[in-house]
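This briefing goes through a structure topic by topic. Please keep the sequence and the model in view while reading.

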Amino acid sequence: MNENKDIKIREAVQFLSEGDKATKKSWFKKPEWDVAGQNYEKAASCFKAARSFDQAIQAYQKASDAMFKSDSLYMAAKSMESAANLAVQQLKQPERASEMYRKASDLYQAHMTPDRAGEMLEKAASAIEFYVAACNLFESEDRGRFAIDTFKRTIAIMIKNKRYIEAVEIMHRLSKIYQSNNNQSGLNKNCLGIIITLLAAEDEVEAKKQFQTFCQHAFVRSEESAISSSLLDAFEQGDQDLIDKVMRSPIVTYLDNEIAKLSRELQVPGISSRPYIPQQEDQENKNIFNHEQSDSHFLHNQEKKSSPYSLNDHMGNEDEKQKIDGDNDEKKVTALPAEDPIHQPPSAISAPVHSQETAEEENEGLC
């Protein structure tokens, strides 16, 4: 029996090697993804026969990836489904299986097979129900303190599948376990997780109600309470920058993985694109302005090129022209006869000077 197992594992390793070789790219060779996918499938079958299920799952996932890259969407979905079946049936890992079922569903949907896609979603949901049943069992046997990890896994898998309201219900049940164990620190983190999850579900009203309820107890004195208050204020004000700042707090960073990841995706409803559009418009206007400026500069340069003179030469020619015009005016003035005041310019005609002698002569003439 062990010999057969070893033989199958060696065969699987050989198929994996062949598959990896087919994915290599060189100067004269492109990756052969279809060949790689077939080898990975064979490797997965050998691992499965050897009851090395974890390695079989990994091989199926590699096969799915290779077939996706070769545009064989249906075969990629089949390989991912096979991996999920092994995870839930042989390894009893419904959380892991649920994620793979969802990937298979997306691949079937891309291949235009909605019936199979729906079936995968149902299997993903059944994996979640497995965890919910485990939580119910722990509560019925009054062994809640041993079930904290199971509750957390259930919450994580629900958030992954965007089943936020159901996740909040499980969180409330987890809060009761923390209260019964006098675990205030765990309770505070769980309450903050509820606020974040409700905001992700775009239920700001319920998030505020829950926050007010939590603040009737010791939660109000915690750092998680301050974070929750700032977060709710940011949503009320529509301040995305404040949300991003609050979510970078270490208090949020050290929450459970899926909740921390969810917090980084929080967006104010209807305002996710608002901070960027004005900047983009301003940049576009700036680009248009620069374009117009460059066009005018280009036309000006063309005008300069069409002129036989440069700017300095043009200025110099203007001065020369003015000088020549001035000389011509002087010549014109000197050329005119002095006794002909009519043809002289007004500036050349002097007004008569009335001295005292001329005045007496005029008076004598009148007499």
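Helices (H or I, at least four residues) and strands (E, at least two) are taken here as DSSP runs, numbered from the N terminus. By that rule, the protein chain has 17 helices and 0 strands. The model is predicted: local features need pLDDT of at least 70, side-chain atom pairs count only at pLDDT 80 or more, and totals for chains, interfaces and linings use all residues. Residues are numbered from 1 along each chain as its sequence is written, and side-chain values use heavy atoms, with hydrogens and water left out.

**Overall chain**

- Of the 367 residues in the protein chain, 34% count as buried; buried means under 20% relative accessible area, exposed over 50%, and partly exposed in between (1.4 Å probe, protein chains only).
- Among contacts in the protein chain with a separation of 6 or more, 53% join residues 24 or more positions apart; contact means heavy atoms within 4.5 Å.

**Largest pocket**

- The largest pocket holds about 250 Å³ of space.
- A pocket is found on a 1 Å grid over the protein atoms alone, as an open set of points where a 1.4 Å probe fits, with protein on both sides within 12 Å along at least five of seven lines; lining residues have an atom within 4 Å of a point.
- Grid points are joined across faces, edges and corners, and the volume is the space filled by probe spheres set on the points.
- The lining of the largest pocket has 16 residues, and Ile159, Lys160, Asn161, Lys162 and Glu258 lie nearest the centre.
- Helices α5 (94-110), α7 (148-160) and α14 (257-263) each give at least two residues to this lining.
- The largest share, 6 residues, comes from α5.
- By type, the lining residues are 4 nonpolar, 2 polar and 10 charged; Ala, Val, Leu, Ile, Met, Phe, Trp, Tyr, Cys and Pro count as nonpolar, Asp, Glu, Lys and Arg as charged, and the others, Gly among them, as polar.

**Helix α1**

- Helix α1 (residues 2-22) has 21 residues and reaches 30 Å from its first C-alpha to its last, close to the 30 Å expected at 1.5 Å a residue; the expected span is 1.5 Å times one less than the number of residues.
- Ala12, Leu16, Gly19 and Ala22 are buried in α1.
- These residues cover an arc of only 120° around the axis, which puts them on the same side of α1; the arc is that of the directions from the helix axis to the C-beta atoms.
- The buried residues of α1 pack against α2 (33-49) and α3 (53-69).
- Exposed residues Asn2, Glu3, Arg10 and Lys21 sit on the face of α1 turned away from its buried side.

**Helix α9 and its contacts**

- Helix α9 (residues 184-200) has 17 residues and spans 24 Å from first C-alpha to last, close to the 24 Å expected at 1.5 Å a residue.
- Because 13 of its 17 residues are buried, α9 is largely enclosed by the rest of the structure.
- Leu192 belongs to α9 and is buried, at 0% relative accessibility.
- Not counting residues up to four places away in sequence, Leu192 touches Phe219, Glu224, Ile227, Ser228, Ile251, Val252 and Leu255.
- Leu192 and Ile251 are 59 residues apart along the chain, and their C-alpha atoms are separated by 9.5 Å.
- Ser175, in helix α8 (residues 164-180), is buried with a relative accessible area of 8%.
- With residues up to four places away in sequence left out, Ser175 touches Leu187, Asn190 and Ile194.

**Loops and positive phi**

- Most residues other than glycine have a negative phi.
- Asn182 is not a glycine, yet has a positive phi of about 55°.
- Asn182 lies in the loop between α8 and α9 and is exposed, at 71% relative accessibility.
- Glu202 follows α9 and lies in the loop between α9 and α10.
- Phi of Glu202 is positive, near 60°, and Glu202 is exposed at 63% relative accessibility.
- Val220, in the loop between α10 (204-214) and α11 (223-237), is partly exposed with a relative accessible area of 41%.
- Val220 touches Phe214, Cys215 and Ser225, not counting residues up to four places away in sequence.
- The C-alpha atoms of Val220 and Asn188 are separated by 9.1 Å, with the two residues 32 apart along the chain.
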